[in-house]
Structures are given as C-alpha cells and as structure tokens.
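Hi everyone, thanks for coming. Today I'd like to walk you through one structure, so please have a look at it with me.

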Amino acid sequence: MIGLFGGTFDPVHLGHLDVARAARRALNLDRVWMIPAKFPPHRGRPLATEADRVAMLTQAIQDEPGFEISTVELDAPGPSYTAHTLARLGIDGSALDRWCFITGADAFSDIATWFDYPALLDRCHFAVVSRPGCGVHALPAALPSLASRMVPAGENPVSAASRPGIFLIDAPTAPVSSTSVRAAITRGLPLTGLVPDAVADYIASHRLYLEAHGR
Ligand code: ATP
Ligand code: MG
C-alpha cells in the first residue's frame, strides 16, 4: 500500500517526516509519496517557489528509503483539492488495498470543509496522525458522523478492510510547523531540531524566507 502525504511543505520540516514515518510503520506502507500542493485552498500562496519546495523535499527524503515525491498537484492547473488529486491518480475506492491518504490531526479536523466532503472519504483509506496539541482521541467526538469509520491503527489490518476507513495513529511528532520555521528564519535563529540539516543548508544557501515575517 502507498501512503499519499499532501502538504504545502513551505518548508518541509521534521514533524512532516515523523508523520510519514509513523503512518508507514503503523500501516506497513510500502512507500510514501510526498505531494506538495500547488497552492492550497483557503490560504495564501506558498512563499517558496515550487522548484525550491521540491528541492527541499528532495533533500529531506534522501536518506528515507521508500519515500518519493509526486508532482501530481504541481502539474495540474488551479488550487490543489485532494478530491481532484485522488481522481487524477485514478483512486476511486475500487482498490482499497493500494492507497491511503495521510494527514495530521489538525488538518483532518477541518475535513468537513474540504472539497467534495464526504464523498472524498470513499475514494481511499485515510490515516490521521496526532499532532502536538491535537490528539487523535478527540476526533470521534469532534466529527461524530465519521466516528463509526474511525479505527485505531493496528486493531484491524488495513489491507483486509472492506470499506474505506479512517485510521487513527497516536504517535509523537516533532512540535514544529512551517510557520514556526519561517519565523525562526526571520529572527535569525538556528534551524537545528526543526528541519533536516540538508534542508537548513538549502534554505541558507538560497536565502529563502528571509522576508517571510513569520506568516
Ligand atoms: P503551516 O504552519 O504553514 O500551516 P504545517 O507545518 O502545518 O505548515 P502543512 O504543509 O500545512 O505544514 O501540513 C501538511 C500536513 O502535515 C498536514 O496534514 C498537517 O496536519 C501535517 N503536519 C504538519 N506538521 C505536523 C506535526 N508536527 N505533527 C503532525 N502533523 C503535522
Ligand atoms: Mg498547517
């Protein structure tokens, strides 16, 4: 099974890698595709160029076997709606043992605002990984209409599931956001413990985010 991990990755940071690793381990994923958004709906455009965001992802996953980058969203016109991305990849709910879309718990808690909700949840499994300050335990109560589909990862083998599930993964991830990384850069602080060293080197040598003002 392949995990699809969408994000702005502006820039990619250690929390993102923890999410992808946690989902991979919990669901025994063969591969994880990191899918940078062209520009995400409901928020401003990314500050770094597409080329820089892909280059930083390339640096971040260089020592992670099984991790790949998919440019499916960058190659498509318009904003990056997950429902469109899944459709573009041919994911229509008919091959449940092949695909799982990965999000953090903060992103998933907004799922009812996503384009084509709730139908997009029928296209593939979803895996939701806890984020510091945003556990997965609160999700069934926060999203009661989806509660019956939520399963703690590990209780049921995902490959045997007969309908698209929402797998909850309670795992520690680094307490980092891209916003906090950009804020550290504008203040001239070191990025140790926030992004992989190779990403920090790329940001420094390309002088990225110096004018971000912590957006
Ligand atoms: P920003 O501060 O710009 O919103 P971000 O750090 O939230 O950036 P995104 O690219 O918006 O990163 O997030 C992509 C996905 O990664 C989302 O599903 C989000 O929930 C998840 N995610 C990001 N950081 C973490 C983290 N530290 N722990 C768990 N999930 C995370
Ligand atoms: Mg975010």
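I'll begin with the overall fold and then turn to the ligand.

Keep in mind that this is a predicted model. The protein contains seven helices and seven strands. If you start at the N terminus and follow the chain, the elements come in the order β-α-β-α-β-α-β-α-β-α-β-β-α-α. The C-alpha trace spans about 50 × 35 × 30 Å along its principal axes. How does the radius of gyration fit a compact globule? For 215 residues, such a globule would have a value near 17 Å, and the protein has 17 Å, so the two agree.

Now for the ligand. Where does ligand 1 sit? You'll find ligand 1 in the largest pocket. Two or more residues of the shell around ligand 1 come from each of these elements: β1 (2–7), α1 (14–27), β4 (99–104), α4 (105–108) and α6 (178–186).

There are 24 residues around ligand 1, and R43, D106, T173, A174 and T179 come nearest. Sorted by class, that shell has 13 polar, seven nonpolar and four charged residues.

Let's zoom in on some polar contacts. A nitrogen atom of ligand 1 lies 2.7 Å from a polar side-chain atom of T173. In R131, an N or O atom of the side chain is 2.9 Å from an oxygen atom of ligand 1. With S178 the backbone takes part: one of its polar backbone atoms is 2.8 Å from an oxygen atom of ligand 1. And how much of ligand 1 does the protein bury? Taken alone, ligand 1 exposes 600 Å², and the protein buries 91% of that.

That's my tour, and I'm happy to take questions!

How values were computed:
Residues numbered from 1 in each chain as written. Chains lettered and ligands numbered in written order. Predicted model: local features only at pLDDT ≥ 70, side-chain atom pairs only at ≥ 80, totals over all residues. Heavy atoms only, no water. Near = heavy atom within 4 Å. Polar contact = N/O pair within 3.5 Å; in protein donor to acceptor, adjacent residues only side chain to side chain. Areas by Shrake-Rupley, 256 points an atom, 1.4 Å probe, with all protein chains shown as cover. 1 Å grid on protein atoms, 1.4 Å probe; cavity = no way out; pocket = protein on both sides within 12 Å on 5 of 7 lines; lining within 4 Å. Sits in = over half its atoms within 2 Å of the grid points. Helix = DSSP H or I, 4+ residues; strand = E, 2+ residues; numbered from the N terminus. Nonpolar A, V, L, I, M, F, W, Y, C, P; charged D, E, K, R; others polar. Rg over C-alpha atoms; globule rule 2.2 N^0.38 Å.
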